[in-house]
Amino acid sequence: MTWRTGHGAGKGGPRIEVMPPDELPSAMGSLTDRPDRTPDGRFAPGNGAARARRVRPGALGGVEAAAAPFEPFRRWGRRYSAHRRAELARAHGGSISAGVGAIIESAALALATSRYLASVGAQTLDADAMKRAADLGSLARQHELAAWELAAREAKVRAASADPMAATHALLARYADPPTTST
């Protein structure tokens, strides 16, 4: 998320917007030096306490029972969500927060529903269903961008807090070359 100056009809006031893909913060990479993780970011064997603390997503955040025609799309959404959470974890230091996971769950549900409505619209030639499918696809994209940005910000905080002296080093670096004054 970022603050943008309003333009067009909204000129003047600041707006909160999801950043476009080319302005998103970069991924942090894997933090392989963590003792509780393996090099691929998974929990190390015997780390039962860490596994127990994780938030385990339900079937797309509580969408348990689905009507028979939607069921294949729901299953696809669950697989997509699990795959995407793993991708984000790998890209941002080996883990993601429950908040990022929830955003990805919402994106997966929107995308699964979008695919279902697109299928219904194609079978029945219902333009309204196709329009709703496109709208849900756009919503899923916004959720994906927000999840990436939040994961990147959280990874930066984790990286900074991994070095307890990081703030001191940054302060010392700032004053290492004091500005010269002319007399």
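User: Is Tyr116 buried, exposed or partly exposed?
Analyst: In this predicted model, Tyr116 has a relative accessible area of 24%, so Tyr116 counts as partly exposed.

User: How many aromatic pairs does the structure hold?
Analyst: The structure holds three aromatic pairs. In one of them, the ring centres of Phe73 and Tyr116 lie 5.6 Å apart with the planes at 75 degrees; because an angle over 60 degrees counts as edge-to-face, the pair is assigned to that class.

User: Where in the chain do Phe73 and Tyr116 sit?
Analyst: Phe73 belongs to helix 2 and Tyr116 to helix 3, 43 residues apart, so the pair links distant parts of the chain. Ring pairs also join Phe70 to these two residues in a cluster. Phe73 is partly exposed, at 21% relative accessibility.

User: And Trp76 with Tyr80, stacked or edge-to-face?
Analyst: That pair is stacked, with 5.4 Å from centre to centre and 15 degrees between the planes. Trp76 and Tyr80 both lie in helix 2, four residues apart, which is about one turn of the helix.

User: Why does the span of helix 2 agree with expectation?
Analyst: At 1.5 Å a residue, its 21 residues should span 30 Å, and the end C-alpha atoms are 30 Å apart. Helix 2 is followed by Gly93, whose phi is positive, near 95 degrees.

User: Changing topic: how many residues has the largest nonpolar core?
Analyst: The core has 11 residues, including Leu88, Ile104 and Trp148. Helices 2, 3 and 4 each give two or more residues to this core, and helix 4 gives the most, with four.

Technical notes. Residues are numbered from 1 along each chain as its sequence is written. This is a predicted model: local features need pLDDT of at least 70, side-chain atom pairs count only at pLDDT 80 or more; totals for chains, interfaces and linings use all residues. Side-chain values use heavy atoms; hydrogens and water are left out. A nonpolar core is a set of buried Ala, Val, Leu, Ile, Met, Phe, Trp, Tyr and Cys residues joined through side-chain atoms within 4.5 Å. Buried means under 20% relative accessible area, exposed over 50%, partly exposed in between (1.4 Å probe, protein chains only). The expected span of a helix is 1.5 Å times one less than its number of residues. Rings of Phe, Tyr and Trp (its six-membered ring) pair if their centres lie within 6.5 Å; planes under 30 degrees apart count as stacked, over 60 as edge-to-face and the rest as tilted.
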